[in-house]
Amino acid sequence: MLQIRIQSTPNPNARKYILSEEVKAHGKVSYQSHEQCAHVPLAQVLLGIVGVVQVHFFENCVTITQENGHDWKWIDREVQDKLSEHIDAHDIHFEDAIAGPDNPKKNLSPEMQQIDDIL
């Protein structure tokens, strides 16, 4: 059974959901639109929650960013429900989208990607 712990972040419009299971085997990735994450159904479902404007996957953490003013209690419940419903079908080895204007990190040199990963 999936366990989820919610943690605040320095950004009042973002929360981290720490899971008992991995969501991204290698690297990290953020999505701000359904087009960017068409290949990641879990990200699409999370972006479909009213008020959610960004989803970030890293190891066993999902960070959700919401539009200013939405109710965290409602978003927390929705995120937990969606994660529980869809985690079993989620592929932790998914690849990031092809380089393009929506994913500028893909255009970084290997050295710059390493620096970004450290930061």
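Trainee: What share of the contacts between residues at least 6 apart in sequence join residues at least 24 apart in this chain?

Mentor: In this predicted model, 56% of the contacts between residues at least 6 apart join residues that are at least 24 apart in sequence. The chain itself comes to 3 helices and 5 strands, and from the N terminus on these elements run β-β-β-α-β-β-α-α.

Trainee: What makes Phe57 and Phe94 an aromatic pair, and why is the pair called edge-to-face?

Mentor: The ring centres of Phe57 and Phe94 lie 6.0 Å apart, and the cut-off for a pair is 6.5 Å, so the two rings qualify. Their planes stand at 70 degrees, and because an angle over 60 counts as edge-to-face, that is the name the pair receives. The structure holds 1 aromatic pair.

Trainee: Which parts of the chain does the pair tie together?

Mentor: Phe57 belongs to strand β4 (residues 52-59), while Phe94 is in the loop between α2 and α3, so the pair links parts that are 37 residues apart in sequence. Both Phe57 and Phe94 are buried.

Trainee: Why is His90 called buried?

Mentor: His90 has a relative accessibility of 12%, and since buried means under 20%, the residue counts as buried. His90 lies in the loop between α2 (72-86) and α3 (110-118), and, leaving aside neighbours within four places in sequence, His90 is in contact with Val23, Val40, Leu42 and Phe57.

Trainee: What makes the approach of His90 to Val23 a polar contact?

Mentor: A polar atom of the His90 side chain lies 2.7 Å from the backbone oxygen of Val23, and a polar contact needs a pair of N or O atoms within 3.5 Å, so the distance meets that cut-off.

Trainee: Are Cys37 and Cys61 buried or exposed?

Mentor: Cys37 has a relative accessible area of 0% and Cys61 has a relative accessibility of 13%, so each falls under 20% and counts as buried. A search of the whole structure finds 0 disulfides.

Technical notes. Residues numbered from 1 in each chain as written. Predicted model: local features only at pLDDT ≥ 70, side-chain atom pairs only at ≥ 80, totals over all residues. Heavy atoms only, no water. Helix = DSSP H or I, 4+ residues; strand = E, 2+ residues; numbered from the N terminus. Buried < 20%, exposed > 50% of the residue type's maximum accessible area, 1.4 Å probe, protein only. Polar contact = N/O pair within 3.5 Å; in protein donor to acceptor, adjacent residues only side chain to side chain. Contact = heavy atoms within 4.5 Å. Phe/Tyr/Trp six-rings, centres within 6.5 Å; stacked < 30°, edge-to-face > 60°. Disulfide = S-S within 2.5 Å.
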